[in-house]
Amino acid sequence: MGDSADVMFVDGVRTPFGRAGEKGMYWNTRADDLVVKAMIGLMERNPNVPKDRVDDVAIAATTQQGDQGLTLGRTAAILAGLPKSVPGFAIDRMCAGAMTSVTTLGSGIGFGAYDVVLAGGVEHMGRHPMGFGADPNPRFLSERLVGEDALNMGKTAERIHDRFPALTKERSDRFGMLSQHKVAAAYAAGKLQPDLIPVALRSEAGWGLATQDEGMRPETTMEGLATLRTPFRPHGRVTAGNASPLTDGATVSLLAGNDAVKEFGLKPKMRMVTFGFAGVDPEIMGLGPIPSTEKALRKAGLSIDDIGLFELNEAFAIQVLSFLDHFGIDDDDPRVNQWGGAIAIGHPLAASGVRLMIQLAAQFAEHPEVRYGLTAMCVGLGQGGSVIWENTNWNGKA
Ligand SMILES: CC(C)(COP(=O)(O)OP(=O)(O)OC[C@H]1O[C@@H](n2cnc3c(N)ncnc32)[C@H](O)[C@@H]1OP(=O)(O)O)[C@@H](O)C(=O)NCCC(=O)NCCS
């Protein structure tokens, strides 16, 4: 029986994220090829890890059909050139898919059953529109288990605006605008590029190379945002400017236990402290990260004040604002989403959890005075997921 181990986040990479749809850069690229590309890139930059020592591969997708079907962890591993002795499987917790890949395989490391694993996710929302082919049980509505708004994420965001009138559209717009500006600044400073694996593209115009996120709108202004339609409700508050866009992309991370870290001479970027998932009413799914974070903090014996860096998935600005408001954190607190978030970068559902971890790990390296960080996100049908991480660069002074 293996000994229990610390769960170390060794490395993580992602493809540049593309705008979903016919005009998006990945329209002619298969979803599984996005994962494969990221997986090859991750193994190439970690040559010390023998491929045949990868104990398992978990890849998440929300819509597990077509090029996102067929047990992605297994198919992607074979396509990425891992030996056929390496097993793999697929995971689904909608938006928290990749996060659940990490917590599931990380738990296996902690238990002592795995030494090295690959955990990630993909969503090609162009080829697999949200809810496509789904057949929700009619009991959900006939027995009023959930309200009609529960299955439309934008409507759930409008509901959070209803609940917290102090969190105005203007505050949501401002949060959306700042996300765009922060991502632009992070790109200009070269913060995000090191963890992107370029993807070759084929279109009618010929071959190309995706090297950066496609959905960014650095020129965003409050005046521009004020004019946008509110697609989820007449005279609503949620717009394309304060919501994450429909996105294509993939992420993969490499996790290892302490013995494997020693054996292969790895330099882990962070240690998993603990995690929590929680459920809330599906009509207000965006509040999910509040109880999941409270749960994770409780298990870790930490308080919110111990968290020095936050990577919160910006499914909708209002949903992040409700989290910040709950914990008494300012809308523009510099600890939160330093390099912007999903409103500007995009949110390819089941891929996003590992993007948060990649960015947190890179910020940890720049902030040795910070000991703990949080990655958290909301999940469709009323859930939240939170993972607390410890900075391996912590200098012990804070
Ligand atoms: C909000 C949403 C419906 C918008 O979709 P869309 O209309 O296809 O989005 P677009 O990118 O075409 O933007 C709509 C318009 O707003 C404009 N716009 C978007 N962001 C802008 C910005 N930051 N500044 C100025 N204009 C902006 C676009 O230019 C476009 O204008 P046009 O109609 O004149 O071309 C879609 O992004 C969505 O559903 N998001 C949520 C996804 C989701 O639920 N994820 C799961 C979370 S749990």
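Predicted model: local features only at pLDDT ≥ 70, side-chain atom pairs only at ≥ 80, totals over all residues.
1. Thr100 lies in helix α3, where helices (H or I, at least four residues) and strands (E, at least two) are DSSP runs numbered from the N terminus. With a relative accessible area of 8%, Thr100 is buried, a term that stands for under 20% relative accessible area, whereas exposed stands for over 50% and partly exposed for what lies in between (1.4 Å probe, protein chains only). The side chain of Thr100 makes a polar contact with that of Arg93, at 2.9 Å; a polar contact is a pair of N or O atoms within 3.5 Å, and within protein one must be able to donate a hydrogen and the other to accept it, while residues adjacent in sequence count only if both atoms are side-chain atoms. Leaving aside residues up to four places away in sequence, Thr100 touches Ile91, Arg93 and Phe277, contact being heavy atoms within 4.5 Å.

2. Residues are numbered from 1 along each chain as its sequence is written, and side-chain values use heavy atoms, with hydrogens and water left out.

3. Strand β12 (residues 383-391) is largely enclosed by the rest of the structure, because eight of its nine residues are buried. Strand β9 (residues 270-279) runs antiparallel to β12 and is joined to it by nine bridges, and Gly276 has Ser386 of β12 as its bridge partner. Strand β11 (residues 372-379) also pairs with β12 in the antiparallel sense, over eight bridges, and here Cys378 is partnered by Gly384 of β12. For such pairing, DSSP must find at least two bridges between the two strands.

4. The hairpin of β11 and β12 has three residues between the strands, and in it Leu381 takes a positive phi near 65 degrees. Most residues other than glycine have a negative phi. Met94 is not a glycine, yet has a positive phi of about 45 degrees; Met94 is found in the loop between β4 (88-91) and α3 (97-111) and is partly exposed, with a relative accessible area of 32%. Arg144, likewise not a glycine, has a positive phi of about 50 degrees; the place of Arg144 is in the loop between α4 (139-142) and α5, and Arg144 is exposed, at a relative accessible area of 75%.

5. The loop between α4 and α5 also holds Glu143, which counts as partly exposed at 43% relative accessibility. The side chain of Glu143 makes a polar contact with the side chain of Arg139, at 2.8 Å. Between Glu143 and Lys155, which are 12 residues apart along the chain, the C-alpha atoms are separated by 20 Å.

6. Helix α5 is capped at its N-terminal end by Asn152, a side-chain oxygen of which lies 3.0 Å from the backbone nitrogen of Gly154. The buried residues of α5 are Met153, Gly154, Thr156, Ala157, Glu158, Ile160 and His161, and their cover includes α6 and α10.

7. Helix α10 (residues 317-326) is mostly covered, eight of its 10 residues being buried; they are Ala317, Ile318, Gln319, Val320, Leu321, Ser322, Phe323 and Leu324. Their cover includes α5 (153-163), α6 (169-188), α9 (289-300), β10 (307-312), α11 (342-345) and β11. Just after α10, Gly328 takes a positive phi of about 70 degrees.

8. Of the 19 residues around the ligand, Met130, Met153, Arg217, Thr220 and Ser244 come nearest, where near requires one heavy atom of the residue within 4 Å. The shell has 14 nonpolar, four polar and one charged residues; Ala, Val, Leu, Ile, Met, Phe, Trp, Tyr, Cys and Pro count as nonpolar, Asp, Glu, Lys and Arg as charged, and the others, Gly among them, as polar. An N or O atom in the side chain of Arg217 is 3.0 Å from an oxygen atom of the ligand, and one in the side chain of Thr220 is 2.9 Å from a ligand nitrogen atom. Ser244 places a backbone N or O atom 2.9 Å from a nitrogen atom of the ligand. The protein covers 65% of the 970 Å² of accessible area that the ligand has on its own, areas coming from the Shrake-Rupley method with a 1.4 Å probe and, for residues, only the protein chains shown counting as cover.
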